Amino acid sequence: MDETTTTTLQVTREIAAAPDALWAMVADVTRMGEWSPETDRCRWLRGAKGPAVGARFKGMNRNGKRRWSTINTVKDCAPGEVFAFETTAGPLSISRWEYRFVPSSTGTTVIETWTDQRGRIARRLGKPVSGVEDRTSHNRAGMEATLERLAAVATT
């Protein structure tokens, strides 16, 4: 049996833009490479033309010279409110990513959540594939950078 140890990490940022505008930027996964320091690019799969529950997309990732891809399935999709997807690599569960958009007095509070869904095998393969030993610390830094880049584009 492949045991999974769940780790959940949240990063929050206030952004001076409307929830609908920010949601549209994040849910357009073809733009994810603009925000994420690890994701190079994404593309919708099998006729998916945009965000909808059940739609799948391929993510191409990089860390230095290392490159790998994932398949992602949209699990929650409510314009202006939430966009979430689960990530797999082959038959292995990897993670769940969720973006929540909460209206605030200055725009939107964006909450990015990562839930590690890797079992023992995926955790063991993580460093050789991605070059990342401490996935939690690495993802925290990446999530902070993602929301900083999103804010920079949204408020210009």
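**Working through the model**

A: Tryptophan 44 and phenylalanine 57 are both buried, where buried means under 20% relative accessible area, exposed means over 50% and partly exposed is in between, with a 1.4 Å probe and protein chains only. This is a predicted model, in which local features need pLDDT of at least 70, side-chain atom pairs count only at pLDDT 80 or more, and totals for chains, interfaces and linings use all residues. Residues are numbered from 1 along each chain as its sequence is written, and side-chain values use heavy atoms, with hydrogens and water left out.

Q: How many aromatic pairs does a search of the whole structure find?
A: The search finds five aromatic pairs, a pair being rings of Phe, Tyr and Trp (its six-membered ring) with centres within 6.5 Å, called stacked when the planes are under 30 degrees apart, edge-to-face when over 60 and tilted for the rest. One of them joins tryptophan 23 and phenylalanine 83, edge-to-face, at 6.5 Å centre to centre with 85° between the planes.

Q: Where do tryptophan 23 and phenylalanine 83 lie?
A: Tryptophan 23 lies in helix 1 (residues 19–27) and phenylalanine 83 in strand 5 (residues 82–89), so the pair ties together parts that are 60 residues apart in sequence. Helices (H or I, at least four residues) and strands (E, at least two) are DSSP runs numbered from the N terminus. Tryptophan 23 is buried at 10% relative accessible area, and phenylalanine 83 is buried at 0%.

Q: And what about the rings of tryptophan 44 and phenylalanine 57?
A: Their centres are 5.4 Å apart and their planes are at 75°, so this pair is edge-to-face. Tryptophan 44 belongs to strand 2 (residues 39–44) and phenylalanine 57 to strand 3 (residues 56–63), so the pair ties together parts 13 residues apart in sequence. Ring pairs also link Trp23, Trp44, Phe57, Phe83 and Phe85 into a cluster.

Q: Switching topic, how many disulfides are there?
A: The whole-structure search finds zero disulfides, with a disulfide taken as a pair of cysteine sulfur atoms within 2.5 Å. Cysteine 42 is in no disulfide, and its nearest cysteine sulfur, that of cysteine 77, is 15 Å away.

Q: What is the phi of arginine 46?
A: Its phi is near 45°, a positive value in a residue other than glycine. Most residues other than glycine have a negative phi. Arginine 46 sits in the loop between strand 2 and strand 3 and, at 77% relative accessibility, counts as exposed.

Q: Back to strands: in which sense do strand 5 and strand 6 pair?
A: Strand 5 and strand 6 (residues 92–104) pair in the antiparallel sense over eight bridges, where pairing requires that DSSP finds at least two bridges between two strands. Threonine 87 has serine 95 in strand 6 as its bridge partner, and in the hairpin of these strands, with two residues between them, glycine 90 takes a positive phi near 60°.

Q: How many bridges join strand 6 to strand 7?
A: The two strands run antiparallel and are joined by 10 bridges, strand 7 covering residues 107–116. Tryptophan 97 stands opposite tryptophan 114 in strand 7, and strand 6 and strand 7 form a hairpin with two residues between them.
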